[in-house]
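Have the model open alongside as you read.

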Amino acid sequence: MSPSSNPRPEPRHPVADADRSPYPLGATPLDAGTRFAVHAPHADRVQVCLIDDAGREQRVDLPDHTFGVWHGTVPDVGAGQRYGYRAHGPWRPRDGVRTNPHKILLDPWGRRLVGDIGDATRLLAYDDEPFGAMSTVDSLGHTPLSVVTRSHGGEHRRPRTPWEDTVVYELHVGSYTARHPMVPPALRGTYPGLAHPAVVDHLVGLGVTAVELLPVHAFLTEPPVRARGMRNHWGYSTASFFAPHPGFASAPGNELAEFRAMVRTLHDAGLEVILDVVYNHTCEWSVAGPSVSWRGLDAPGYYLLDDDGTDVDLTGCGNTVDATSPVAVRMVCDSLRYWASETGVDGFRFDLAAVLGRPRGDSFDPRAAALTAITTDPLLSELKLIAEPWDATASGWSLGRFGAPWSEWNDRYRDAVRRFWAQRSGIGEIASRLTGSEDLFSRGDRQPWMSVNYITAHDGFTVADAVSYEHKHNDANGEDGRDGTDHNESVNHGVEGPSDDPVVIAARARHTRALLATLLLSTGTPMLLAGDEFGHGQGGNNNAYCVPAGTRREDAWPLMWEGADTELVAYVRALVRLRRVVPVLRQRRFFDGRARTVGYPDLVWFGQDGRELQVDDWHDDTRRTLQAWVNGTGPGGVTGEGRSLPDSSGLIVLHSGDAGDVTLAGPEWYGGAIRCTFDSSASDGTPSDTTPKRVGSVCTLTGPTVLVFSIAGSGQDTAATTVTDPGATSV
């Protein structure tokens with residue numbers, strides 16, 4: 001071999017100081033430097049790469065390799081230092097091992113992320129095809145970097161709202177205040193914008209108790225979306241499970257401090273903060289995607305791969321986190337604890353949570369490693385845990401199977417309520433959904449509030465669109481209408497989209513009020529979608545997850561506050577207030593529906609004619625009226641501490657049919673009068689007639705309506721006739 005054919009020797013690099021333990025993972029600032037630890041079990045050498053403001057790189061070898069973790073302390077490095085990792089070692093893509101030192105990688109435990117993707121082709125770890133030769137193109141300068149960040153921790157004044165009193169409000173940090181007229185322009189669409197007094201006043205005035213934030217973990221746009229010239233808007237494309245998304249900061253680099261301050265402000269107002277977290281997949285897409293972090297460090301450890309080294313895709317997003325892998329379980333739990341202890345958040349909603357319960361992609365097991373680790377953790381088990389109980393596969397739907405202490409998004413509730421008010425179903429399923437879905441959540445170890453009831457969420461139509469469109473209109477997403485579900489259970493009242501016909505407008509408004517009333521009067525935990533309370537729409541787009549690259553924040557699916565329907569806002573406030581002051585609407589236990597120690601049932605069902613329903617009636621899909629007599633005394637009428645609550649018995653009427661008469665029902669042991677305290681056919685929910693009526697009298701309805709009646713003459717109905725009265729305790 002000639003001398004000229006010898007490969008160029010690797011230049012010598014400084015070596016970090018040795019230390020004794022591989023944990024904690026990530027970058028930990030110390031008095032005299034920073035300790036780095038990264039999981040890379042297949043590597044035979046790992047370097048931490050320190051990047052200065054000019055983009056120059058200094059590589060430092062990590063000396064110790066313990067339990068698959070490379071670690072060491074670099075002197076004179078402190079908070080604010082930008083860094084990444086280079087892993088040297090084998091390239092065996094068919095085994096899932098894709099170690100490539102030409103790619104600088106984010107720290108999976110990094111607390112802050114800076115930068116974006118430049119030339120995306122430079123992030124590909126392979127040359128021509130995913131299982132071909134290793135790429136030798138360097139990615140530095142075209143990939144985001146991690147930043148050394150100090151931990152703050154501290155005590156947090158969590159509101160600790162009981163589950164049965166919880167009303168969740170789902171929102172997107174960027175869209176929510178992007179056009180809020182009372183928020184200063186510099187703060188719109190940011191963490192401080194969400195904490196602005198005008199925003200907090202709206203949330204508190206509405207009566208919600210918790211905000212559920214769409215992903216705030218730092219995210220990057222996935223390759224197929226970038227290829228269409230779009231960018232990810234919702235954030236379900238995680239680049240760091242520990243770093244707040246920098247795009248929501250009003251001051252670049254200040255995102256963690258701003259996020260912590262936002263949480264404190266919301267806590268001071270009595271509002272809990274729940275994060276929508278995405279531990280089922282990452283932004284790296286499939287094996288054909290970029291090598292940003294996990295894939296270049298330990299793809300077989302972080303991802304679910306088949307025997308050929310290809311991603312098993314249970315998420316529809318190209319890859320699936322292997323929730324049985326020890327390093328993946330550690331990452332998920334460390335991330336959750338970090339957000340709970342560092343920022344004080346009160347709970348988490350787990351996107352496609354069924355993935356965390358499918359060991360090696362097999363059938364769902366509620367005792368799977370990741371789920372068990374979360375629910376047995378001393379800190380996490382005390383927080384609100386909400387599962388989206390499905391994934392992108394037909395076999396992943398696992399509603400009702402998560403067990404205690406999980407609450408779960410109830411898509412069966414959404415569909416049943418929409419079908420009932422669209423006159424596409426009878427009364428059978430709606431009755432189960434109104435009373436906590438005991439058929440899905442077994443009373444053995446579950447409680448009604450574990451059903452998170454919703455009629456709309458970020459994924460799907462808004463309420464305004466659900467009564468204005470029969471079909472999705474997703475052309476703006478650039479996928480030729482292929483994206484988004486075709487199963488919407490929506491109606492348009494005769495006109496697809498906007499209409500100036502007063503008859504159509506009135507029908508849509510009435511339909512909207514009935515949907516919202518059903519949601520907030522049902523047993524379980526209600527979740528409102530931000531903007532539904534004032535008529536926000538998305539032009540029929542039921543999958544508004546992306547926008548064209550370069551779109552300004554104020555044009556990225558913003559909520560249109562200046563066009564808000566203030567009358568509808570007042571209506572929703574009245575409903576939330578009614579729920580808060582009437583204990584029977586916040587059942588901690590499932591209804592029995594049969595005689596109890598007090599001598600009569602806590603729930604009796606009746607039809608339009610006022611007669612108690614019989615078995616055959618439940619299977620009659622032509623029925624459009626359901627009446628429920630609820631008794632608020634006895635075992636169900638107690639607080640979480642066991643204190644008795646006032647009697648809040650009464651009658652709830654749901655009528656989805658056309659104009660007609662309803663015979664007001666009551667159980668055989670009650671022969672007194674009842675008084676209407678809520679009427680969804682009225683724009684503000686206030687009944688036009690509050691005269692006491694005898695059980696058995698006829699009430700004429702002008703169309704689809706929700707009515708609530710209290711017991712007249714009980715000494716409580718006077719307060720109850722005004723839902724704005726905070727002292728009211730009766731339906």
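Predicted model: local features only at pLDDT ≥ 70, side-chain atom pairs only at ≥ 80, totals over all residues.

## The largest pocket

The largest pocket holds about 1,100 Å³. Its lining is made up of 37 residues, and if you want to find the middle, look for W234, T315, L352, D459 and N543, which lie nearest the centre.

Which elements give two or more residues to this lining? They are α4 (223-227) and α9 (411-421), and α9 gives the most, with four residues.

## Two nonpolar cores

Now for the packing. The largest nonpolar core takes in 122 residues. Y169, Y176, L213, F259, L275, F348 and F350 have the most contacts inside it. Helix α7 (residues 326-343) gives the most to this core, with nine residues. Another core lies apart from it, with 21 residues that include L304, W390, L440 and M527.

Y176 is worth a click. Leaving out residues up to four places away in sequence, Y176 touches Y169, L171, L194, V199, H202, L203, A530, E533, L559 and W561. Three of the names in that list, V199, H202 and L203, turn up again in the next helix, where they are among the buried residues.

## Helix α3 and its cover

Helix α3 spans residues 197-206, and its buried residues are A198, V199, V200, H202, L203 and L206. An α-helix has 3.6 residues a turn, so residues three or four places apart point the same way. That's a handy thing to have in mind when you look down the helix.

What covers the buried residues of α3? The cover includes the strands β12 (168-171) and β13 (210-213). Helices take part too, among them α1 (173-176), α2 (191-194), α5 (255-268) and α13 (566-581). Just after α3 comes G207, with a positive phi of about 100°.

## A loop residue: T149

Last stop: T149, in the loop between β11 (145-147) and β12. Is T149 buried or exposed? T149 counts as buried because its relative accessible area is 15%, and the cut-off for buried is under 20%.

As for its surroundings, T149 touches A27, P29, R111, R112 and L256, again not counting residues up to four places away in sequence.

Notes:
Residues numbered from 1 in each chain as written. Heavy atoms only, no water. 1 Å grid on protein atoms, 1.4 Å probe; cavity = no way out; pocket = protein on both sides within 12 Å on 5 of 7 lines; lining within 4 Å. Points joined across faces, edges and corners; volume = space filled by probe spheres on them. Core = buried A, V, L, I, M, F, W, Y, C linked by side-chain atoms within 4.5 Å. Buried < 20%, exposed > 50% of the residue type's maximum accessible area, 1.4 Å probe, protein only. Contact = heavy atoms within 4.5 Å.
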